[in-house]
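Hi everyone, thanks for coming. Let's take a few minutes to look at the pockets in this protein.

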Amino acid sequence: MAQLSQGRLKDRRPLSIIDIGSNSIRLVVYEGLARSPTLLFNEKMLAGLGRGIVSTGKLDPEGVTRSMEEFRRFRALSEQAGAEKMYVLATAAAREAINGPDFIQRAEDVLGTKIQVLTGREEAHYSALGVISGFHPADGIAGDLGGGSLELVDVRGEDIGDGITLPLGGLRLQDMAKGSPVAAAKIAQAELARAKLLKGGQGRTFYAVGGTWRNLARLHMNATNYPLEVMHHYEMDPVSLMPFLRQVARGEVEKIKGIEGVSKNRRSLLPYGALVLQEIITAMKPEKIVVSALGVREGFLFSLLDEQEQRADPLISAAEELAVLRARSVRHAHELVEWTRRSFAAFGIEETEEEARYRHAACLLADIGWRAHPEYRGRQSLNIIAHASFIGVDHPGRAFLALANLFRHDGVFNDSFAPELKELATPRYLERARILGAMMRVVYLLSASMPGVMPKLRWEDRGGGVLALVIPAEFDQLYGERPAGRLAQLAKVTGRKLVLAVEDGPSISVK
């Protein structure tokens, strides 16, 4: 393998997955097998293999020809990217078509590897694993809409419950309904009536998986002027979503803001995806619709991890990887996690499990912007974090991570930047982001962003509501006006009386 650049994790061995769907075929090369996988290369083609399968029983001839040409390219790209292992998965169209076995044999010859043709049950299982891997924790019904089929499966934490495969993929539904939205709605309603598991999803989350639903969600983002262009964990309210779905189902997609960002091949399937989602909402009555960017491919990768790796927190794993790649000292980042934990406790700030996770991640990410010009470190950190391919974090949590690091660099009272993120963060997260940012600003002036100091700093109750940050005598020369000034900012955002003190030495009181 060629020498890795410093932008790559040195212990990772690339692998690739080719996903042969009814509408699209995609090659994804991953940096390596990890709890939070990172893409090295990603390309798809819309082959439309399942087009016409309802009437002919066969894969689309043109799609087959184009696929074989692309398989040669995908194999070469996988090798060029240094993938040491290539997995190939095929779903509904390939397993159901009369000429599916012949297609698979030809594809195996071109790709030089065995193709795993997933059963409907296996497809639902891997889709559920994809959702489980992307949310902390998952609890609801996962629905993976492809070109040929819809897989529905109940997920609760790490448990996968009942699942069902229905012939409601966009291409198939379009064929069955002969292009009629009215007929498509009746077919979807009848098929979904067989999915008894939807009743068990009432009041829970529906996880929308698949390209058609992601494109619908992106259009909904544009229509509602949503402030964060991140697809994973985008939440939609079912009640307010229905008028938008009805508009799309009527075929009025060309009038929707942002439609130019959807390929023409995909646009024709949007009404059918909208119809199916409408019927799911009616049958299930979910509390919310949440988009998952992870599906069968990521679920398959997740299945390759050992049990300990599967239990790892994906957000913390990804944040630590960024710290390894971009921070001045990973050890310092870990010390910051522990020091802020002790500081929150000293200030009497209680945390939920989720809030503690987010603080942990924010600390690991606190130094990733240090190579930027000092005047832009805050904004660069915010943009990297807000748009990073993190999983296991919702959008308000993502805003908290980004804002904590904006405040850490640009000051806790800087309200001129990213007003949309501040609104997305919620008042509670915004307040905690200021407090965490203020704590970071104090301790970075006492540690020079290097390890060894923070574990020896301690908070001491001096009585009368006064809290002292005590510097050990061995570091007495770190005492000064600048850290005292930062402590004054922390005092202001927390409403506490704070003192910067040296052990058995002088102190500066700040209010």
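This is a predicted model: local features need pLDDT of at least 70, side-chain atom pairs count only at pLDDT 80 or more; totals for chains, interfaces and linings use all residues.

Which element gives the most to the lining of the second largest pocket? That is α13, with three residues. Residues are numbered from 1 along each chain as its sequence is written, and side-chain values use heavy atoms, with hydrogens and water left out.

A quick word on terms. A pocket is an open set of points on a 1 Å grid over the protein atoms alone, where a 1.4 Å probe fits, with protein on both sides within 12 Å along at least five of seven lines; lining residues have an atom within 4 Å of a point. Helices (H or I, at least four residues) and strands (E, at least two) are DSSP runs, numbered from the N terminus.

Back to the second largest pocket: its volume is about 320 Å³, meaning the space filled by probe spheres set on points joined across faces, edges and corners. It has 17 lining residues, and Ile132, Glu158, Phe302, Gln310 and Arg311 are the closest to its centre. At least two residues each come from α5 (120-134), α12 and α13 (307-311).

Now for the largest pocket, at about 710 Å³. Its lining has 28 residues, with Leu39, Asn42, Arg214, Ala293 and Leu294 nearest the centre. Two or more residues come from each of β2 (24-30), β3 (39-46), α8 (211-223) and α12 (296-304). Here α8 gives the most, with four residues.
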